[in-house]
Amino acid sequence: MLEVMLAITLAGILMAMVVARVDVNRMQANSTVQMLSTTMVAAQREAITKQHDVILTFDQLNRRMRVLWDVNSNGTADAGEHTRMVYLDSRITFGLGGAPARAFGLQPINFNKTVGGLPALIFHRNGSASGVGGFYITTTRAIAEAAKGSLKFADDTRAIEIVRATGRSEWFRYSSPIWIRGF
């Protein structure tokens with residue numbers, strides 16, 4: 001009985017050490033980058049398969065991305081065209097969070113097109129993208145610390161960049177003091 005109690009106590013101590021090292025915010029940032037990037041790849045493939053534009057608009061204020069299947073490729077949402085919203089988790093927002101900017105710019109969302117007043121990325125029927133650019137996501141705690149002048153959680157920041165000709169998205173994570181491709 002004593003041995004069982006000792007084993008349970010040791011397992012509890014080890015579990016407490018492991019849980020203390022898990023950073024849920026960074027895991028959520030990674031998960032969000034994967035979700036958004038997967039949605040973007042699916043949108044690009046849908047544009048090729050269905051032979052019409054798929055428009056992604058980025059709403060920084062409401063922390064969401066809208067996917068519009070633009071069946072007639074006229075650049076606007078018409079009656080009967082399917083849309084889907086992809087929402088960011090409550091811990092995640094668009095922004096740099098104290099990390100330095102990448103080549104595509106300082107703004108949280110950087111695309112040269114707008115649709116309905118929002119930054120937009122359009123995948124065309126050949127799979128190409130409407131332009132180069134990208135966006136940053138980070139944790140709300142990184143934004144709060146950056147507002148105070150602290151870089152404490154700058155490593156929570158992730159970036160997705162778009163290659164125009166191929167429409168391919170590339171993921172980056174900030175790890176002080178550099179950006180690293182992938183996870």
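Let me start with a term: a residue is buried under 20% relative accessible area, exposed over 50%, and partly exposed in between, using a 1.4 Å probe and protein chains only. By that rule Lys148, at 63% relative accessibility, counts as exposed.

Before going on, a word on the model. It is predicted, so local features need pLDDT of at least 70 and side-chain atom pairs count only at pLDDT 80 or more, while totals for chains, interfaces and linings use all residues. Residues are numbered from 1 along each chain as its sequence is written, and side-chain values use heavy atoms, with hydrogens and water left out.

Back to Lys148. Its side chain meets that of Glu145 in a salt bridge, at 3.2 Å from N to O; the term means a side-chain nitrogen of Lys or Arg within 4 Å of a carboxyl oxygen of Asp or Glu. Glu145 is buried, with a relative accessible area of 16%.

The structure holds 8 salt bridges. Glu170 forms one with Arg168, where the closest N and O atoms are 2.9 Å apart, and another with Arg181, at 3.2 Å. Glu170 lies in strand 10 (residues 168-175) and Arg181 in strand 11 (residues 178-181), so this pair ties together parts that are 11 residues apart in sequence. Helices (H or I, at least four residues) and strands (E, at least two) are DSSP runs, numbered from the N terminus. Glu170 is buried at 14% relative accessible area, Arg168 is partly exposed at 48%, and Arg181 is exposed at 55%. Elsewhere, Arg26, Arg141 and Asp156 are linked in a network of salt bridges.

Now the interior. A nonpolar core is a set of buried Ala, Val, Leu, Ile, Met, Phe, Trp, Tyr and Cys residues joined through side-chain atoms within 4.5 Å. The largest one has 25 residues, and those that touch the most other members are Leu36, Met40, Leu56, Phe58, Leu121, Phe123 and Phe135. Elements giving two or more residues to this core include helix 2 (24-50), strand 1 (53-59) and strand 7 (118-123). Helix 2 gives the most, with 6 residues.

What is Leu121 in contact with, leaving aside its neighbours within four places in sequence? Taking contact as heavy atoms within 4.5 Å, its partners include Met40, Leu56, Phe58, Phe111 and Ile162. Apart from this core lies another, of 9 residues, among them Leu96, Phe104, Ala159 and Phe172.
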